[in-house]
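Here is a brief report on one helix packing and on a set of salt bridges. Please look over the sequence and the model before reading on.

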Amino acid sequence: MEKIEFKTTINASAEKVWNALFGVETYPKWTAVFMEGSRVETDWRKGSKALFHDGKGDGMLAIIEENIPNQYMSIKHIGEIKDGKETLHNWGESFENYTLTEKDGKTEIIIDMEIIKEWLDYFEKTWPKALDKVKEIAEK
């Protein structure tokens with residue numbers, strides 16, 4: 001597994017950034033950068049299941065490992081969805097973490113992930129675009 005990190009500062013409160021990231025209306029807007037039609041089925045509560053769909057019946061299966069509103073979200077990826085069917089995988093510590101720190105009305109967001117090497121190039125190109133979209137949404 002490779003550990004990667006992306007960060008940016010957004011001219012908005014942590015609450016606004018959090019809502020941009022995990023809001024029902026806003027989540028599909030910024031995740032479209034990864035896959036057009038992206039959506040999630042979850043209540044974002046610690047211990048809850050999360051289904052990340054690509055709009056075509058495929059996607060990722062995860063568990064919400066931690067949720068501290070406006071500060072920290074940790075998502076553990078545990079499997080995939082193919083043609084609507086869930087398959088569990090033992091990927092070890094495959095986490096996607098969001099850390100928000102607000103100071104003087106601005107919020108620094110750090111995304112850190114552990115991924116397999118084959119996905120490194122894709123995420124290094126796509127995450128900065130996704131963070132630009134989150135910034136655009138939160139600063140409105």
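Does Asp43 count as buried, partly exposed or exposed? Asp43 counts as partly exposed, at 39% relative accessibility. The limits matter here, because partly exposed covers the range between under 20% for buried and over 50% for exposed. Keep in mind that this is a predicted model.

**Salt bridges**

Asp43 has a charged partner. Its side chain meets that of Arg45 in a salt bridge, at 3.6 Å from N to O. Arg45 counts as exposed, with 58% relative accessibility.

Arg39 and Glu41 also pair through their side chains, at 3.2 Å from N to O. Arg39 is partly exposed, with a relative accessible area of 40%. Glu41 is partly exposed too, at 38%.

A further pair sits in helix 3. Lys133 forms a salt bridge with Glu136, and their closest N and O atoms are 3.2 Å apart. Both residues belong to helix 3 and lie three residues apart, about one turn of the helix. Lys133 is partly exposed, with a relative accessible area of 27%. Glu136 counts as partly exposed at 40% relative accessibility. Elsewhere, salt bridges with shared partners join Lys3, Asp112 and Glu114 into one network.

The count comes to eight salt bridges.

| Arg39 | Glu41 | 3.2 Å |

**Helix packing**

Helix 3 also takes part in a helix pair. Two packed helices are described by the angle between their axes and the distance between the axes. What are these values for helix 1 and helix 3? Helix 1 spans residues 14–22, and helix 3 spans residues 120–138. They pack at an angle of about 120°, with their axes 9 Å apart. Angles of 65 to 115 degrees count as roughly perpendicular and those over 145 as roughly antiparallel. Helix 1 and helix 3 are therefore oblique to each other. Their crossing is right-handed.

Which residues meet in this contact? Helix 1 brings Lys16, Val17, Ala20 and Leu21. Helix 3 brings Val134, Ile137 and Ala138. The residues of this contact divide into six nonpolar, no polar and one charged.

Conventions: Residues are numbered from 1 along each chain as its sequence is written. This is a predicted model: local features need pLDDT of at least 70, side-chain atom pairs count only at pLDDT 80 or more; totals for chains, interfaces and linings use all residues. Side-chain values use heavy atoms; hydrogens and water are left out. Axes are lines fitted to C-alpha atoms, for helices over the stretch in contact, and angles run from 0 to 180 degrees between N-to-C directions. Helices (H or I, at least four residues) and strands (E, at least two) are DSSP runs, numbered from the N terminus. Angles under 35 degrees count as roughly parallel, over 145 as roughly antiparallel, 65 to 115 as roughly perpendicular and the rest as oblique. A crossing is left-handed if the near helix is turned anticlockwise from the far one by less than a right angle, and right-handed if clockwise. Contact means heavy atoms within 4.5 Å. Ala, Val, Leu, Ile, Met, Phe, Trp, Tyr, Cys and Pro count as nonpolar, Asp, Glu, Lys and Arg as charged, and the others, Gly among them, as polar. A salt bridge is a side-chain nitrogen of Lys or Arg within 4 Å of a carboxyl oxygen of Asp or Glu. Buried means under 20% relative accessible area, exposed over 50%, partly exposed in between (1.4 Å probe, protein chains only).
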